[in-house]
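Walk through this structure with the model open beside the text.

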Amino acid sequence: MLVEEVASLFRKYTDESDTTFLTDEDVALYLYLGYSDFRQFIENIDKYVYKKSATYTGVSGQELDLANVVAPAAGPNIMGAAPTVADDKLKSILRVYAPNSVGSDILFFYTPVQNREALYSIPNQYLTKYCLEDTSLFFSTNPSTSTFSIDYQPITPTTLFTTVNIQPGANVYIDELGAFHDIIALMAYEHYAIRDVAENPMVTRRMVMRKQQLNDYITRGRNERANRFVISDDGYFVT
């Protein structure tokens, strides 16, 4: 589905003809909130669906501020008030790794820990650990390579469900899960219902059914039968 199609479906669910009560600004806001809920629901099952990556070069020392990358390091700002690309702002780190010289493969992964204290209190001379505090990424030792990459979950795009894009004819693409985009309208309706103080039992029942279908689809895996394989994380645990 396109943005305008989801917006049209949402308006049908609300059955609200008073455009002074439900303005285009309201519709765009509810759909943004609904899309945020939609993405979070999916990421709770498969954290890599909306994955983005950032690569940093020329890194020296044990700290890199992801909100203010300065020379000699080079790479995008993915945190802070002024990210390099607004909709590519980091919400959660998935993994940090060293790519090979051409960037087409991974040499090794860095090991995540919860805080700077854990960087040094977990002894293991063979692991380079990292943690994120505020906007800075800290390493337990100087990275063994001056280049590393971060795979991360980005924030929900703020430029997708806008008053312009919800209009007929805008033809704005959402993402690869088009078969389930009606759930965005259903989740948006939940936010509208708080304001309207009017729960719709039919919408609620439909939501339960569609979320289960989406859960089954994501759990089964978009790459059919791939979930037959299990990878151990034992390498991350240190005794």
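Tyr56, Phe108, Tyr110, Phe139 and Phe148 form one aromatic cluster. Rings of Phe, Tyr and Trp (its six-membered ring) pair if their centres lie within 6.5 Å; planes under 30 degrees apart are stacked, over 60 edge-to-face, and the rest tilted. The model is predicted: local features need pLDDT of at least 70, side-chain atom pairs count only at pLDDT 80 or more, and totals for chains, interfaces and linings use all residues. Residues are numbered from 1 along each chain as its sequence is written, and side-chain values use heavy atoms, with hydrogens and water left out.

A search of the whole structure finds 13 aromatic pairs. One of them joins Tyr56 and Phe148, a tilted pair with 5.8 Å from centre to centre and 35° between the planes. This pair links distant parts of the chain: Tyr56 is in strand 1 (residues 52-56), Phe148 is in strand 8 (residues 148-154), and they are 92 residues apart. Helices (H or I, at least four residues) and strands (E, at least two) are DSSP runs, numbered from the N terminus.

Buried means under 20% relative accessible area, exposed over 50%, and partly exposed in between (1.4 Å probe, protein chains only).

Phe148 also pairs with Tyr110. Their ring centres are 6.4 Å apart and their planes stand at 80°, so this pair is edge-to-face. Tyr110 lies in the loop between strand 4 (106-109) and strand 5 (111-112), while Phe148 is in strand 8, so the pair ties together parts 38 residues apart in sequence. Tyr110 counts as buried at 1% relative accessibility.

Two other rings carry a charge. The charged end of Arg116 sits over the ring of Phe138, 3.9 Å from its centre. The charged end of Arg195 sits over the ring of Phe21, 4.1 Å from its centre. The test requires NZ of Lys or CZ of Arg within 6 Å of the ring centre and within 35 degrees of the ring normal.

Now turn to helix 5 (residues 201-220). Its 20 residues reach 29 Å from first C-alpha to last, close to the 28 Å expected at 1.5 Å a residue. The expected span is 1.5 Å times one less than the number of residues. Which residues of helix 5 are buried? They are Val203, Met207, Arg210, Leu214 and Ile218. Seen down the axis, they fall within an arc of 85°, so they line one face of helix 5. The arc is that of the directions from the helix axis to the C-beta atoms. These buried residues pack against helix 2 (24-43) and helix 4 (182-196). The face turned away from the buried side carries the exposed residues Pro201, Arg205 and Val208. Helix 5 is followed by Gly221, whose phi is positive, near 105°.

Helix 1 (residues 3-14) has buried residues as well, including Val3, Leu9 and Phe10. Their cover includes helix 2 and helix 4. Just after helix 1, Asp15 takes a positive phi of about 50°.

Finally, step back. The chain has five helices and eight strands. Buried residues make up 39% of its 239 residues. Contact means heavy atoms within 4.5 Å. Of the contacts with a separation of 6 or more, 65% come from residues 24 or more positions apart.
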